[in-house]
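Me: Please go through this model with me as questions and answers, and give the cut-off behind each term.

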Amino acid sequence: MTGGGPPIRSLAETGEVLHRPHALEDVALSEVPVLATDLTSAADLALDHREVLGSRLRSVRAVTVGVLAGPVAPALAELADAHDIVVGRAGPGSSLVETSDPEGAVELVAGAVAAHPQASVAAAQLLRFRAYEQVPLGLVLESLTYSMLQSGPEFARGLRERGPMEVPTDRTPPVAVTSEGTTLALTLDRPQRANAFTAAMRDLLVEALRTAAADPTIEGVIIRGAGRSFCSGGDLAEFGSAPDPATGHAVRLARSPAWWLHELARDVRVHLHGACVGAGIELPAFAGTVLAAPDTTVRLPEVGMGLVPGAGGTVSIPRRIGPHRAAYLAVTGVTIDAQQALAWGLVDRIEREPAAPTDP
Amino acid sequence: MQLRPGSRLRSTVCETEVIAVKAEGEHDVTCGGAPMVDATAPPDGPRGEPAADAADGTQMGKRYVNDDETLELLCTKPGAGSLAADGTALVLKESKPLPASD
């Protein structure tokens, strides 16, 4: 085992820990609420521990990490699924984060959890509901979680570290809307801020998507980003500007680009390039077709700000790559490239745009 | 013209097209001062010009309503003419401004 990481317990040990009368409290209140377990062998796992293990893993207030040195035994597949994140050299194809250094991966998760335990655990707990299976309900649960964290100490610290910022005023509309025959073309158009997502952008996007949904002559919607990157995520300058968490929740669901993208998904094609951060991947992942330029990179930064993804990412992303890989991205905030995004199915094809996005 | 939700109208003097979002019964809808026509009908005749007093333009994605809001049209293609119904100019109904939720 490498230096600073948490212990990787055997299944028998984890079974024993979670069976203790004070288990939930002890794990929950530990400084770094991470529970890592080697899933390769169920040897010595007591039968009565095994019966409750899945349920305890889903109850515990910790980010649970299953570690696999080799393929998971069929009998243990259910226990692997009960973990928030699964890392290892080989294993269940649709949930595993492949790595030749599982201990290093556990250490990476633990480092992220140590920095933001409340947000990390909330992200993991949110995904345990599998609410993304029903998009409208998944969006509600995500928003509730997000609002809860908006009142927490980790977000307050994130805002302090950011420092005061002026909310920028755009001189031109932040989304350019043009008709290309029967296709509606939307271009995120704040290249000076790497198309950072703002409330004004949200409003224009919803307006355009709503119109596309109402107009039977529009057969498709194409979304692009102007400049070097598709979208660098929520504009940091607007963070902390929601009137209060309860109002934030109401607003998020009343005017939701995520909801509209899901409604229109079949007919929406998104062209990604450059940095696709936070909302910059969470919204595109709802689209029926996601094309990524070779230079595309993807990252979920919200937990690092004391929050969870809030633009629909805990719905759209697990729908594409499953809850375990989504939890890994959300908790660690690691950057993945276009190839990795393609391998996981987060994007559908790697393709360079025939012509660079320009003004109409 | 008889309108109901989903009816599509086209201007004869500019690019404007609208969809009725809320509508019931007979309405005399004009764009740029000229009667709008059924958008599903093939275009016929030369296109005119918007009248000078009805050329404020329409905006894509915006809603236009009459006084008592019994008629609501959604602009799906913008143009140079402005909308009126039953002799009165329609007004742009802005979406409620909402704050950031972050």
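Reply: The model is predicted: local features need pLDDT of at least 70, side-chain atom pairs count only at pLDDT 80 or more, and totals for chains, interfaces and linings use all residues. Residues are numbered from 1 along each chain as its sequence is written, while chains are lettered from A and ligands numbered from 1 in the order in which they are written.

Me: What is the handedness of the crossing of helix 9 of chain A and helix 11 of chain A?

Reply: Helices (H or I, at least four residues) and strands (E, at least two) are DSSP runs, numbered from the N terminus. A crossing counts as left-handed if the near helix is turned anticlockwise from the far one by less than a right angle, and as right-handed if clockwise. For helix 9 and helix 11 of chain A, the crossing is left-handed.

Me: How are helix 9 of chain A and helix 11 of chain A oriented to each other?

Reply: Axes are lines fitted to C-alpha atoms, for helices over the stretch in contact, and angles run from 0 to 180 degrees between N-to-C directions. Helix 9 (residues 199–214) and helix 11 (residues 257–264) of chain A pack at about 25°, their axes 9 Å apart. Angles under 35 degrees count as roughly parallel, over 145 as roughly antiparallel, 65 to 115 as roughly perpendicular and the rest as oblique. Helix 9 and helix 11 of chain A are therefore roughly parallel.

Me: Which residue is the bridge partner of A20(B) in strand 9 of chain B?

Reply: Strand 3 and strand 9 of chain B are antiparallel and share five bridges. Within this pairing, A20(B) has as its partner L73(B).

Me: Which strand gives the largest share of the side of chain B that touches chain A?

Reply: Two residues are in contact if their C-beta atoms, placed from the backbone, lie within 7 Å. The contact involves 21 residues of chain A and twelve of chain B. Three residues, the largest share of the chain B side, come from strand 9 (residues 72–77) of chain B.

Key. Pairing = 2+ DSSP bridges.
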